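Please keep the model open in your viewer and follow the selections in the order given. The tour takes up charged pairs and then nonpolar packing.

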Amino acid sequence: GSDWTIEAWLEGFKTHTLAWAIATALRPPEGYAGGEFEYMKTLTEGRLGELLSSEVTVSAVREVIGFHLGQLVQQAAATATEMNAKFLATVDDVFSYGSRAEYEGGLNDWIGFPTDRDPVEEMFREHCVYEYSRVQTLFTRNYGITTTPELEFKGVAGQWTPKHRVWDSIPGYKLPPETINCRPEHMRGFLTIPELMQASSAVRAALTEPEVLAARLWSGPMYELYNGILRLGSKDRYTTTLHALASAIYKLSRVG
């Protein structure tokens with residue numbers, strides 16, 4: 001469309017941003033005593049050029065643009081006007097998203113069908129096996145967490161794999177930490193899925209293991225990926241996880 005430009009598209013990334021990709025190359029090396037501000041002031045033009053042309057930077061930029069290009073291919077709206085029409089406010093400030101047909105089609109039409117054969121095993125594959133999860137790195141700006149889907153899954157599901165179906169924590173494993181806006185005593189910790197299922201709200205809502213697992217994952221950095229997929233209607237990405245999450249939210253909403 002005539003209103004669509006590559007520059008505006010690149011500036012509009014909300015997750016998997018180019019800023020994250022470049023910051024990945026410019027962050028201080030491990031063991032640096034000062035902060036990021038002090039480190040940036042030490043960079044010469046030559047060193048800056050080396051960092052920005054490194055394979056790490058090129059790979060990160062490629063990952064960011066590749067991720068969003070994949071979303072763009074599936075995106076029907078091309079012009080700014082068409083995209084804006086997908087999210088409208090009435091004079092009463094009541095918001096609606098998409099068409100009535102999309103609403104009536106439900107989650108299956110929007111992101112695809114989940115597996116009902118072994119949901120937890122499929123969720124494991126969605127975060128630790130499938131190619132789209134293996135090439136993704138997340139950086140959450142609210143708490144400064146750099147992580148991946150696999151690291152998040154291990155931090156929530158612990159030792160669980162299709163061949164070793166236990167929810168115990170992985171000895172010595174620590175979730176990628178918050179680096180900003182969080183006191184040490186409030187940083188993320190590990191609770192097993194069976195422990196979380198004993199929470200009063202989970203018991204009253206009769207949540208299943210896949211639903212608790214999905215809700216726990218969503219409460220961390222994975223929310224950025226999940227929300228982006230739900231906004232764009234991307235198919236075949238974390239489909240079973242998102243269906244389990246939707247079911248968990250629905251059940252919890254029924255019990256207050």
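A salt bridge is taken here as a side-chain nitrogen of Lys or Arg within 4 Å of a carboxyl oxygen of Asp or Glu. The model is predicted, so local features need pLDDT of at least 70 and side-chain atom pairs count only at pLDDT 80 or more, while totals for chains, interfaces and linings use all residues. Residues are numbered from 1 along each chain as its sequence is written, and side-chain values use heavy atoms, with hydrogens and water left out.

**Charged pairs**

By the salt-bridge rule the count comes to 9. Select Arg165 and Asp118, which form one of these salt bridges, with the closest N and O atoms 2.9 Å apart. Arg165 lies in the loop between α10 and α11 and Asp118 in the loop between α7 and α8, so the pair ties together parts that are 47 residues apart in sequence. (Helices, H or I of at least four residues, and strands, E of at least two, are DSSP runs numbered from the N terminus.) Arg165 has 43% relative accessibility and counts as partly exposed; buried means under 20% relative accessible area, exposed over 50%, and partly exposed in between, with a 1.4 Å probe and protein chains only.

Next select Arg125 and Glu121, whose side chains meet in a salt bridge at 2.9 Å, N to O. Both residues lie in helix α8, 4 residues apart, about one turn of the helix.

Move to helix α10, where Glu150 and Lys154 lie 4 residues apart, about one turn of the helix. Their salt bridge has its closest N and O atoms 3.4 Å apart. Glu150 is partly exposed at 23%, and Lys154 is partly exposed at 31%.

**Nonpolar packing**

A nonpolar core is a set of buried Ala, Val, Leu, Ile, Met, Phe, Trp, Tyr and Cys residues joined through side-chain atoms within 4.5 Å. The largest has 32 residues, and those with the most contacts inside it include Phe153, Trp167, Leu213 and Tyr238. Among the helices that each supply at least two residues of this core are α8 (119-128), α10 (149-157) and α15 (239-255).

Centre the view on Phe153: leaving aside neighbours within four places in sequence, Phe153 is in contact (heavy atoms within 4.5 Å) with residues including Met123, Phe124, Trp160 and Leu217.
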